[in-house]
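Me: I would like a close look at a single part of this model. Please keep the answer connected and brisk.

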Amino acid sequence: MFTFDLGNSVGDVVWSPYSATVFGAVTDDGTVHIFDLSQEKYEPLCQQSVVQKKKTKVNHLAFNQHYPIIAVGDDRGNCVTLKLSPNLRKCLKDKSYSKENEIAKMEKLLELVREPSSK
C-alpha cells in the first residue's frame, strides 16, 4: 500500500484509537512523526524532536484513548507527553464520529491503492 521513509530506524508505529487514517511513528533520532492519510498520503503532518541528548533513542509511542495526547518513551527511561495540534484532534471533537464513518474513510483510502479487478 504505502511506504514511508522516515530516514532512521523506527522504534514504534501505532494507529490512533479515534481515527482510521491517523498513525504515529517514532524514530531512533528522537523524532515523533504523526500522519493523517486522509489529508496527506506521503508526508507527516507533524514532526517533533522529543529527546534532549543525542544518543537517546525513542522506542515507544502511545495515543491516549480519550484526550488528544500522546506519550513517548525512550531507552533511558524517560517519558514525554505531547498534546496533538488542533488539526490532528478534530476527530475527538467531531459529533458525527462513528465506527461506520471511520471504516468508510479507510475504505475510500484503500480504493486509491487497490489493484483494479480483472474482468
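This is a predicted model: local features need pLDDT of at least 70, side-chain atom pairs count only at pLDDT 80 or more; totals for chains, interfaces and linings use all residues.

Which residues line the largest cavity?

The lining of the largest cavity consists of Val50, Val51, Val58, Val72, Gly73, Asp74, Asn78 and Val80. The volume of this cavity is about 30 Å³. The structure holds one cavity of 30 Å³ or more. By class, five of the lining residues are nonpolar, two are polar and one is charged. Strand β6, residues 69-74, gives the most to the lining, with three residues. Rolling a probe the size of a water molecule over the atoms shows where empty space is left.

Now the strand next on the list. Strand β5 covers residues 58-63. Val58 belongs to the cavity lining. Two other positions in this range deserve a look. Asn59 sits in β5. Its relative accessibility is 38%, so Asn59 counts as partly exposed. Leu61 also has its place in β5. Leu61 has a relative accessible area of 1%, so it is buried; the cut-off for that is under 20%.

Both positions can be paired with residues from elsewhere in the sequence. Asn59 and Gly30 are 29 residues apart along the chain, and their C-alpha atoms are separated by 8.6 Å. Leu61 and Val32 are likewise 29 residues apart along the chain, with 8.3 Å between their C-alpha atoms.

Then the wider setting. The protein chain has seven strands and two helices. Along the sequence the order is β-β-β-β-β-β-β-α-α. Of the 119 residues in the protein chain, 36% are buried.

Last, the cysteines. The structure holds zero disulfides. A disulfide is a covalent bond between the sulfur atoms of two cysteines. Cys46 has a relative accessibility of 29%, so it counts as partly exposed. Cys79 reaches 58%, so it counts as exposed, the cut-off being over 50%.

Back to the part you asked about. The cavity itself, at about 30 Å³, draws on β6 for three of its lining residues.

Methods:
Residues are numbered from 1 along each chain as its sequence is written. Side-chain values use heavy atoms; hydrogens and water are left out. On a 1 Å grid over the protein atoms alone, a cavity is a set of points where a 1.4 Å probe fits but cannot get out, and a pocket is an open set with protein on both sides within 12 Å along at least five of seven lines; lining residues have an atom within 4 Å of a point. Grid points are joined across faces, edges and corners, and a volume is the space filled by probe spheres set on the points. Helices (H or I, at least four residues) and strands (E, at least two) are DSSP runs, numbered from the N terminus. Ala, Val, Leu, Ile, Met, Phe, Trp, Tyr, Cys and Pro count as nonpolar, Asp, Glu, Lys and Arg as charged, and the others, Gly among them, as polar. A disulfide is a pair of cysteine sulfur atoms within 2.5 Å. Buried means under 20% relative accessible area, exposed over 50%, partly exposed in between (1.4 Å probe, protein chains only).
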